[in-house]
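Please have the sequence and the structure open as I talk.

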Amino acid sequence: MNTNSRAEATSPLLKKFFQRLKGQSPENDAPAGDRESGFFSTLFQDRGEDGLVHSTWATRAIEVHAEAFDRARGNELFSKLWGEDRHFAALSADDLTRLSTYLEFVQVAPNQEVIGQNEQGDYLMIVLDGTLAVDRVQPWGGRARLAEAHAGDMLGEMSLLDARRLDEMIDEEPRLAVALLASLSRRLSLRLRQVSARLSALLSRS
C-alpha cells in the first residue's frame, strides 16, 4: 500500500481551498477535467493504474435505482448524527441545515453496489440509516468483507475534494466548508491508522 501519491495529489486542492478563504485567486486554476482527481479512500490505488473506472453519481444513481428521500427527514438525521462530531459542535442547527442543502438525500434498495471497486468517483456518501458492506472482489472471484459502514460513516471521502458542490460551499459558506474538511481529515486519519494497524498485524503473522 502506497499513500504518498494520495497526499501529493490532494495538496494542490487544499492550497486552492486556503487561497479562496484568503480571498486570493487560485494559482494555475485549470479546468475541472485537467485537475488532479480524488479517489475513493477505500481503494488505496496509485494514480495511473490500469483498470481504473470513472464513475459519476448521475450515472450510479440510475444504476442502483436511487429514490429521493424526504429532505426534512434527511436533514433531521444528518443534523443528529453530525451534530455530535467535534468539528461541528460549534455549528448551530441553522448552520447544519444550510450545510445539508449541499447534500442530495436518497434511499437505495438492498444488495446494490453504490461504490464499485477500482472506481474514481465524483461523489461522497454519508450513511444516515442502515448498513453498507465494504467488500473486495478477490482475483479468483471470491469476496472479502473489509468493513461495514453504519449511520454517520462516510464513504468515498477523497472524491469530495474534486466535487462541484464542495467548490460551491467553499465560495458560499467557507466556515461550513472548513468544518466539513476538518471532520473529513480526522476521519481519514483514523481510517489510515486502522489500515496501518491491520497491515502490521498481517505482516507480523507471516
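In which sense, parallel or antiparallel, do strand E6 and strand E7 pair? Before I answer, please keep in mind that this is a predicted model, in which local features need pLDDT of at least 70 and side-chain atom pairs count only at pLDDT 80 or more, while totals for chains, interfaces and linings use all residues. Residues are numbered from 1 along each chain as its sequence is written, and side-chain values use heavy atoms, with hydrogens and water left out.

The answer is that E6, residues 132–137, and E7, residues 143–149, pair in the antiparallel sense over six bridges, where pairing requires that DSSP finds at least two bridges between the strands. Helices (H or I, at least four residues) and strands (E, at least two) are DSSP runs, numbered from the N terminus. Within this pair, Ala 133 stands opposite Glu 148 in E7, and the two strands form a hairpin with five residues between them, where Gly 141 in the turn has a positive phi of about 105 degrees.

Turning to the helices, the axes of H3, residues 71–82, and H4, residues 93–100, come within 10 Å and cross at roughly 125 degrees; axes here are lines fitted to C-alpha atoms, for helices over the stretch in contact, and angles run from 0 to 180 degrees between N-to-C directions. H3 and H4 are therefore oblique to each other, given that angles under 35 degrees count as roughly parallel, over 145 as roughly antiparallel, 65 to 115 as roughly perpendicular and the rest as oblique. On the H3 side, Arg 71, Asn 75, Phe 78 and Ser 79 meet Leu 96, Thr 97, Leu 99 and Ser 100 in H4, contact meaning heavy atoms within 4.5 Å.

Helix H5, residues 164–172, packs against H6 at an angle of about 130 degrees, with their axes 6 Å apart, and that makes H5 oblique to H6. Among the residues that meet there are Leu 166 and Met 169 in H5, and Leu 180 and Leu 181 in H6.

Finally, the side chains of Arg 186 and Asp 85 meet in a salt bridge at 3.0 Å, N to O, the term meaning a side-chain nitrogen of Lys or Arg within 4 Å of a carboxyl oxygen of Asp or Glu. Because Arg 186 lies in helix H6, residues 174–205, and Asp 85 in the loop between H3 and H4, the pair ties together parts that are 101 residues apart in sequence.
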